[in-house]
Amino acid sequence: MAALAELEVWVRETLEAGMKRAHGWLHTDRVRANIRILARAEGVDSFLAEVAALLHDVGRTQPGREAEHGARSANMAEPILEDLALAPEEGRAILHAIHWHNSLRDDTPLLCILRDADMLDGLGAMGIMRAFMSKSHLPPYNADLPFQDSRNRWPPDYSSDQLFGQMEWFDRLNTDTARQMAKKRMAFMAAFVTQARDEIRANGA
């Protein structure tokens, strides 16, 4: 518990100094909450899972390509893990999960639940909030087809493209536990899309 408390302080300070909005400390804290549930349900060591969740996005505070933030996070995490007195295989498992959490790899249980915990935070009310925060520099939606054109564009043209892309994460979840957690969130997102489209139509936009 003491080690986790110290790690939390370092991660929080690092992320807050990095001034990331959609991927800042609050996101990491929610991912940690998700992974606690998944670790218990899937029989994964809860301590290793929580450490991986805390460190999974610290690399976003460093310059580089979005697709490589997992590798940057693992590089930053490696010296931190040395202070936790982990067995070598435990440290390797954490680094592997952090490095590949934003990929489609699913070759270890820890990686699977870290990916699921991260994707779950892109679904539901928090997912909607994060989609529009992360793409706040873009128009919110296509005025000609408001919340109707659900093609997954990358890079997105509208914040709504990001939203629709995140909704596709449900199909990438690894565990039954995560899929059960995600069902209510997906229903909320679908209702939001319908409500937004109806409001725009009613206003004649």
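How are helix 8 and helix 9 oriented to each other? The model is predicted, so local features need pLDDT of at least 70 and side-chain atom pairs count only at pLDDT 80 or more, while totals for chains, interfaces and linings use all residues. Residues are numbered from 1 along each chain as its sequence is written, and side-chain values use heavy atoms, with hydrogens and water left out.

**Stop 1: helix 8 and helix 9**

Select residues 159–167 for helix 8 and 176–202 for helix 9. Helices are DSSP runs (H or I, at least four residues), numbered from the N terminus. The two axes come within 11 Å and cross at roughly 150°. Axes here are lines fitted to C-alpha atoms over the stretch in contact, and angles run from 0 to 180 degrees between N-to-C directions. Helix 8 and helix 9 are therefore roughly antiparallel; the term covers angles over 145 degrees, whereas those under 35 count as roughly parallel, 65 to 115 as roughly perpendicular and the rest as oblique. The crossing of helix 8 with helix 9 is left-handed (the near helix is turned anticlockwise from the far one by less than a right angle; clockwise is right-handed).

Show side chains next. Leu163, Phe164 and Met167 of helix 8 are in contact with Met186, Met189, Ala190, Phe192 and Val193 of helix 9, contact being heavy atoms within 4.5 Å. By class, this contact has 8 nonpolar residues, no polar and no charged. Ala, Val, Leu, Ile, Met, Phe, Trp, Tyr, Cys and Pro count as nonpolar, Asp, Glu, Lys and Arg as charged, and the others, Gly among them, as polar.

**Stop 2: helix 7 and helix 8**

On the helix 7 side, select Gly127, Ile128, Arg130, Ala131, Phe132 and Ser134; they meet Ser159, Ser160, Gln162, Leu163 and Gln166 in helix 8. The contact divides into 4 nonpolar, 6 polar and 1 charged residues.

**Stop 3: the largest pocket**

Turn to the largest pocket, with a volume of about 1,100 Å³. On a 1 Å grid over the protein atoms alone, a pocket is an open set of points with protein on both sides within 12 Å along at least five of seven lines, a cavity is a set where a 1.4 Å probe fits but cannot get out, and lining residues have an atom within 4 Å of a point. Volume is the space filled by probe spheres set on the points, which are joined across faces, edges and corners. Select Arg60, Glu66, Trp154, Gln162 and Trp169, the closest to the pocket centre of the 33 lining residues. Helix 8 gives the most to this lining, with 4 residues. The lining of the pocket has 8 nonpolar, 12 polar and 13 charged residues.

**Stop 4: the cavity**

The whole structure has 1 cavity of 30 Å³ or more. The largest cavity holds about 30 Å³ of space. Select its lining: Tyr141, Asn142, Leu145, Phe147, Asp149, Arg153, Tyr158, Ser160 and Asp161. These divide into 4 nonpolar, 2 polar and 3 charged.

**Stop 5: helix 5 and helix 6**

The crossing is right-handed. Ala93, Ile94, His96, Ala97, Ile98 and Trp100 of helix 5 make the contact with Leu110, Leu111, Leu114 and Arg115 of helix 6.

Conventions. Helices (H or I, at least four residues) and strands (E, at least two) are DSSP runs, numbered from the N terminus.
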